[in-house]
Amino acid sequence: MIAFADKLKKQPAAPQEKPEAAQASPRIYKPFAVVLCVLFFGALFALLLVSVFDTDKTVSETENRALASRPAVTAAAVFDGSFMTDFETYYTDTFPFRDQLMQLHETLSDFFSSTKTSDDIVLVDRGDKDDFAGQDIDYDDA
């Protein structure tokens, strides 16, 4: 047994081959990653510029309501947290391309599901079983 261990120690180590996946150069993906990062951060920067320089709408014709106005920055509003809540409401109402994104959402919802959305009304085909518990639904109109 000792002689076998001595033979193993004296033999030079065989070079281990790397699997093909490990041999692939990571430099192939680097330009793609750089382009992807530039596009992502460029889109974020463009959205920031549009958001800063865009004029705010005051009325939404599609929703038939007045949109929130920009809140005033006061020390009391900042410290009690109401400024951020009001600013979130304002920015949600005046987000760039908001009407187009809402229309896209409605189109995609109609395409990918059997529900039809319009003015917060959802029409769903009535089935025999409850979707959540698998129980029969009692449809008495009384």
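Arg 65 and Asp 93 form a salt bridge in this predicted model, with their closest N and O atoms 2.7 Å apart, where a salt bridge is a side-chain nitrogen of Lys or Arg within 4 Å of a carboxyl oxygen of Asp or Glu. The pair joins distant parts of the chain, since Arg 65 belongs to strand 2 and Asp 93 to helix 5 (residues 82-93), 28 residues apart; helices (H or I, at least four residues) and strands (E, at least two) are DSSP runs numbered from the N terminus. Asp 93 counts as buried at 8% relative accessibility, whereas Arg 65 is partly exposed, with a relative accessible area of 32%; buried means under 20% relative accessible area, exposed over 50%, and partly exposed in between, with a 1.4 Å probe and protein chains only.

Residues are numbered from 1 along each chain as its sequence is written. Because the model is predicted, local features need pLDDT of at least 70 and side-chain atom pairs count only at pLDDT 80 or more, while totals for chains, interfaces and linings use all residues, and side-chain values use heavy atoms, with hydrogens and water left out.

Arg 65 also forms a salt bridge with Glu 63, and there the closest N and O atoms are 3.4 Å apart. Glu 63 counts as partly exposed at 31% relative accessibility. Together with Arg 98, the residues Glu 63, Arg 65 and Asp 93 are linked in a network of salt bridges.

The structure holds six salt bridges, and one of them is formed by Asp 56 and Arg 70, whose closest N and O atoms are 3.8 Å apart. This pair, too, links distant parts of the chain: Asp 56 sits in the loop between helix 3 (30-53) and strand 1 (59-60), and Arg 70 in the loop between strand 2 and helix 4, 14 residues apart. Arg 70 counts as exposed at 57% relative accessibility, while Asp 56 is partly exposed, with a relative accessible area of 33%.

The loop between strand 2 (65-66) and helix 4 (75-80) also holds Pro 71, which is buried, with a relative accessible area of 15%. Leaving aside neighbours within four places in sequence, Pro 71 is in contact with Phe 83, Asp 86, Phe 87 and Tyr 90, contact meaning heavy atoms within 4.5 Å. Although Pro 71 and Tyr 90 are 19 residues apart along the chain, their C-alpha atoms are separated by 7.5 Å.

Rings of Phe, Tyr and Trp (its six-membered ring) pair if their centres lie within 6.5 Å, and planes under 30 degrees apart count as stacked, over 60 as edge-to-face and the rest as tilted. The structure holds six aromatic pairs. One of them, Phe 40 with Phe 41, is edge-to-face, at 5.2 Å centre to centre and 75 degrees between the planes. The rings of Phe 87 and Tyr 91, by contrast, have their centres 6.4 Å apart and their planes at 10 degrees, so this pair is stacked. Phe 87 and Tyr 91 both lie in helix 5, four residues apart, about one turn of the helix. Phe 87 counts as partly exposed at 30% relative accessibility, and Tyr 91 counts as partly exposed at 26%.

Leu 104 is found in helix 6 and is partly exposed, with a relative accessible area of 44%.

The mean pLDDT of the protein chain is 77, and 60% of its residues reach 70 or more, pLDDT being the predictor's confidence in each residue, from 0 to 100. Confidence is lowest in helix 2 (residues 20-23), at a mean of 55, and highest in helix 4, at 93. Where pLDDT is low, the predicted coordinates should not be read in detail.
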